[in-house]
Amino acid sequence: GQYLGNSLTSLVEGELGLEVKSLKPCHRLDKATSGLVLMSTERSVVNKFNGLMTGEGKVQKTYYALLKGAPEIKKGVQAVGKDCWEVDVNIELKDAQSGLRGVAWEGGKECRTRFEVLERLEDGTMKVLCLPREGRGHQIRVHASYLGAPIVGDVLYGGDMYGVFGVGAAKEGHFRQGCLGIMREMKGKLEDCLVCKNIEQSF
């Protein structure tokens, strides 16, 4: 990635006393997303796991997100049940410096994501199960935004900067997203992020 040090793999190597650059991630998460990351010192293990996730399709990534908006049926979006939608539109890199992706009607990378509402909250947000088929960079974030219900706190893709993100979502541990974007928008430092502080206090 873009970091030469202080990455997740380097931090784990230091914690476990492993040789520098010996640990390899089997998959990745966006930097502002929390979740399980599998790693190995053996390249054969990494390759096998990658095969299970892609070619063989025996491993499915599952994400939980807090969305806000009104999902709409349009080109590339179809309802597949009550409070369940599937977004099937290609995405492409729009800006290399920021990493911004967007919908691509010509070219781009094929990807499909299913969104299943688990609970609708009184403030208008939805706890949603997200099931990406491919796992492209920013896939869920782009597809949620295109669906008309961006992720709360994900200001890069149209999410509400404040909302209930720092309180309800953090306390229940459902989602941790958008911290860097929020602080960048406010021209502040990540350590001053109220969202992160709320998360730390809730566990």
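Is Lys74 buried, partly exposed or exposed, and what is its relative accessible area? I opened my notebook with that one. Lys74 has a relative accessible area of 30%, so I put it down as partly exposed. I kept in mind throughout that this is a predicted model.

**Entry: the partner of Lys74**

Next I looked up what Lys74 pairs with. I found a salt bridge to Glu72, with the closest N and O atoms 3.9 Å apart. The cut-off for a salt bridge is 4 Å, so this pair counts. I then checked Glu72, which comes out as partly exposed at 39% relative accessibility.

How many salt bridges does the structure hold? I noted eight. I picked a few to follow up.

**Entry: Arg114 and Glu86**

I found the side chains of Arg114 and Glu86 meeting in a salt bridge, at 3.4 Å from N to O.

Are the two partners buried or partly exposed? Arg114 is partly exposed, with a relative accessible area of 27%. Glu86 has 16% relative accessibility, and the limit for buried is under 20%, so Glu86 counts as buried. I also saw that Glu86 and Arg114 belong to a network of salt bridges together with Arg112.

**Entry: Lys127 and Glu119**

Here I looked up another salt bridge, in which the side chains of Lys127 and Glu119 meet at 3.2 Å, N to O. Lys127 is buried, with a relative accessible area of 10%. Glu119, on the other hand, is partly exposed at 37%.

**Entry: Gln139**

Where is Gln139 found? I located it in helix α3, which runs over residues 139–147. Its relative accessible area is 1%, so I marked Gln139 as buried. I then listed what Gln139 touches, leaving aside residues up to four places away in sequence: Ile91, Cys111, Arg112, Thr113, Pro132, Arg133 and Glu134. Arg112 was a name I had already written down, from the salt-bridge network with Glu86 and Arg114.

**Entry: Gly107**

Gly107 and Ile91 are 16 residues apart in sequence, and their C-alpha atoms are 8.3 Å apart in space. I found Gly107 in the loop between β7 (100–103) and β8 (112–120). With a relative accessible area of 48%, Gly107 is partly exposed.

Note on methods
Residues numbered from 1 in each chain as written. Predicted model: local features only at pLDDT ≥ 70, side-chain atom pairs only at ≥ 80, totals over all residues. Heavy atoms only, no water. Helix = DSSP H or I, 4+ residues; strand = E, 2+ residues; numbered from the N terminus. Buried < 20%, exposed > 50% of the residue type's maximum accessible area, 1.4 Å probe, protein only. Contact = heavy atoms within 4.5 Å.
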